Amino acid sequence: MFGKTQRQRPRKTVVIKRIAADGIITFSKTWHPNEAILVLQGKSDRKNNQIIVESLVIPPFTSNGPFFSGFSMHNLPFDSSYIGTAHSHPGPSNRPSLEDLNHFFGLVSVIIHHPYEYDTIGAYDRNGDGMEIEISD
Ligand SMILES: [Zn+2]
């Protein structure tokens, strides 16, 4: 036995480039009171335990109805730079819904809620656990 070494899960940070964060905000405001969805492009920096969101892709099609019904990641060409999705909640919470988790794609789910400001952005992993967010220039 080597003592009480605890296996601690390292905390992950999601670094969102300001230009991408601004894009999420603008897109969400445009779609309000409907939900908006975007695909996140960037990279995973395992060494520093960071996920870096560099740019946004508008999915090839989205439905105007209930958000995820007409949208599938299978409609996207395969691209390893797709690291997750961002979507908006017109309500007061950025917590992922069960449906959000069921449709989880990639490494991170970024959710922004009304009124769509930097501090209403949340980021969650596959289990629905919150991650730190850093907006960077
Ligand atoms: Zn949602």
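**Sheet, helix and core of a predicted model**

Me: In this predicted model, which residue in S3 does Ser 44 stand opposite?

Reply: S2 and S3 are antiparallel partners, joined over seven bridges. They form a hairpin with four residues between them, and Asn 49 in the turn has a positive phi of about 60°. Within this pairing, the residue in S3 opposite Ser 44 is Ile 51.

Me: How many bridges join S2 to S4, and in which sense do the two strands run?

Reply: One of the facing pairs is formed by Val 39 and, in S4, Thr 85. The two strands, S2 and S4, run antiparallel, and the number of bridges joining them is five.

Me: What is the bridge partner of Val 15 in S3?

Reply: Strand S1, residues 13–17, pairs with strand S3, residues 50–57, in the parallel sense over four bridges. Within S3, the partner of Val 15 is Ile 52.

Me: What is the strand order of the open sheet?

Reply: The chain holds two helices and seven strands, which follow one another along the sequence as β-α-β-β-β-α-β-β-β. The open sheet has seven strands with mixed pairing, and their order is S6-S5-S4-S2-S3-S1-S7.

Me: Why is one side of strand S6 and of strand S7 left without a neighbour in the sheet?

Reply: Strands of a sheet pair through backbone hydrogen bonds, either parallel or antiparallel. S6 (121–124) and S7 (132–136) each have a single partner strand, so one side of each has no neighbour in the sheet; the reason is their place at the edges.

Me: What angle does the direction of helix H1 make with that of S3?

Reply: Neighbouring strands of the sheet are turned by 30° against each other on average, direction ignored. Helix H1 (residues 18–31) packs on this sheet, touching S1, S2, S3, S4, S5, S6 and S7. The direction of H1 makes with that of S3 an angle of about 50°.

Me: Which residues touch the most other members of the largest nonpolar core?

Reply: This core has 25 residues, and the elements giving two or more residues to it are S1, H1, S2, S3, S4, S5 and S6. Not counting residues up to four places away in sequence, Val 53 touches Val 14, Val 15, Ile 16, Lys 17, Ala 20, Leu 40, Gly 42 and Ile 83. The members that touch the most others are Ile 24, Leu 38, Leu 40, Val 53, Val 108 and Val 110.

Technical notes: Residues numbered from 1 in each chain as written. Predicted model: local features only at pLDDT ≥ 70, side-chain atom pairs only at ≥ 80, totals over all residues. Pairing = 2+ DSSP bridges. Axes fitted to C-alpha atoms, helices over the stretch in contact; angles between N-to-C directions. Contact = placed C-beta atoms within 7 Å. Core = buried A, V, L, I, M, F, W, Y, C linked by C-beta atoms within 7 Å. Buried ≥ 20, exposed ≤ 12 C-beta atoms within 10 Å, placed from the backbone.
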